[in-house]
Amino acid sequence: MSDEEHQFESKADAGASKTYPQQAGTIRKGGHIVIKNRACKVVEVSTSKTGKHGHAKCHFVAIDIFNGKKLEDIVPSSHNCDVPHVSRTDYQLIDISEDGFDDLKLPTDDALLTQIKDGFAEGKDLVVSVMSAMGEEQICALKDIGPK
């Protein structure tokens with residue numbers, strides 16, 4: 001039909017959404033929520049009663065799962081909130097390069113960072129837990145599975 005060549009840019013993901021909607025009234029303490037485009041873990045939820053002009057409101061206090069900052073949001077309980085797809089995966093630590101980790105973000109917790117570096121320097125066999133959400137990932141925990 002045509003002599004033109006079409007080129008398509010390929011993406012690594014299958015186009016799956018990084019979040020899913022959930023009614024604000026059903027989100028509980030310990031769950032996850034997106035506040036200001038950041039994936040957060042809910043630490044406190046309080047619900048106000050319906051007022052003269054409408055909806056009951058949910059007040060969320062949450063902590064960003066990657067940088068530890070405290071964020072707050074108030075949403076009508078009947079409205080939908082974005083909830084991030086959060087996954088946790090374990091990887092065996094093979095090597096640490098001079099500038100940190102090649103493909104993983106360093107933990108923001110200094111104690112965890114020194115534990116990882118010291119354990120690796122001592123030759124321990126380490127497994128790191130990596131939390132990922134909304135296209136971001138970071139080491140969040142460490143397990144020692146014995147000497148190499």
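This is a predicted model: local features need pLDDT of at least 70, side-chain atom pairs count only at pLDDT 80 or more; totals for chains, interfaces and linings use all residues.

Analyst: Take Cys81: the nearest cysteine sulfur belongs to Cys58 and lies 7.5 Å away. A disulfide needs the two sulfur atoms within 2.5 Å, so Cys81 is in no disulfide. Cys81 is also buried, with a relative accessible area of 7%. Cys40 is buried too, at 0%.

Next, the sheet. Four strands form an open sheet in the order E2-E3-E4-E5, and their pairing is antiparallel. E2 (32-35) and E5 (70-76) stand at the edges. Each has a single partner strand, so one side of each lacks a neighbour in the sheet. Direction ignored, neighbouring strands are turned by 45° against each other on average. E5 pairs with E4 (residues 57-64) over 7 bridges. Within that pairing, Val61 stands opposite Glu72 in E5.

Now the helix itself. H1 covers residues 110-121, which makes 12 residues. From first C-alpha to last it reaches 16 Å, close to the 16 Å expected at 1.5 Å a residue. Which of its residues are buried? They are Leu112, Leu113, Ile116 and Gly119. These four cover an arc of only 140° around the axis, so they lie on the same side of H1. Just after H1 comes Gly123, with a positive phi of about 85°.

Key. Residues are numbered from 1 along each chain as its sequence is written. Side-chain values use heavy atoms; hydrogens and water are left out. Buried means under 20% relative accessible area, exposed over 50%, partly exposed in between (1.4 Å probe, protein chains only). Two strands pair if DSSP finds at least two bridges between them. Helices (H or I, at least four residues) and strands (E, at least two) are DSSP runs, numbered from the N terminus. Axes are lines fitted to C-alpha atoms, for helices over the stretch in contact, and angles run from 0 to 180 degrees between N-to-C directions. The expected span of a helix is 1.5 Å times one less than its number of residues. The arc is that of the directions from the helix axis to the C-beta atoms.
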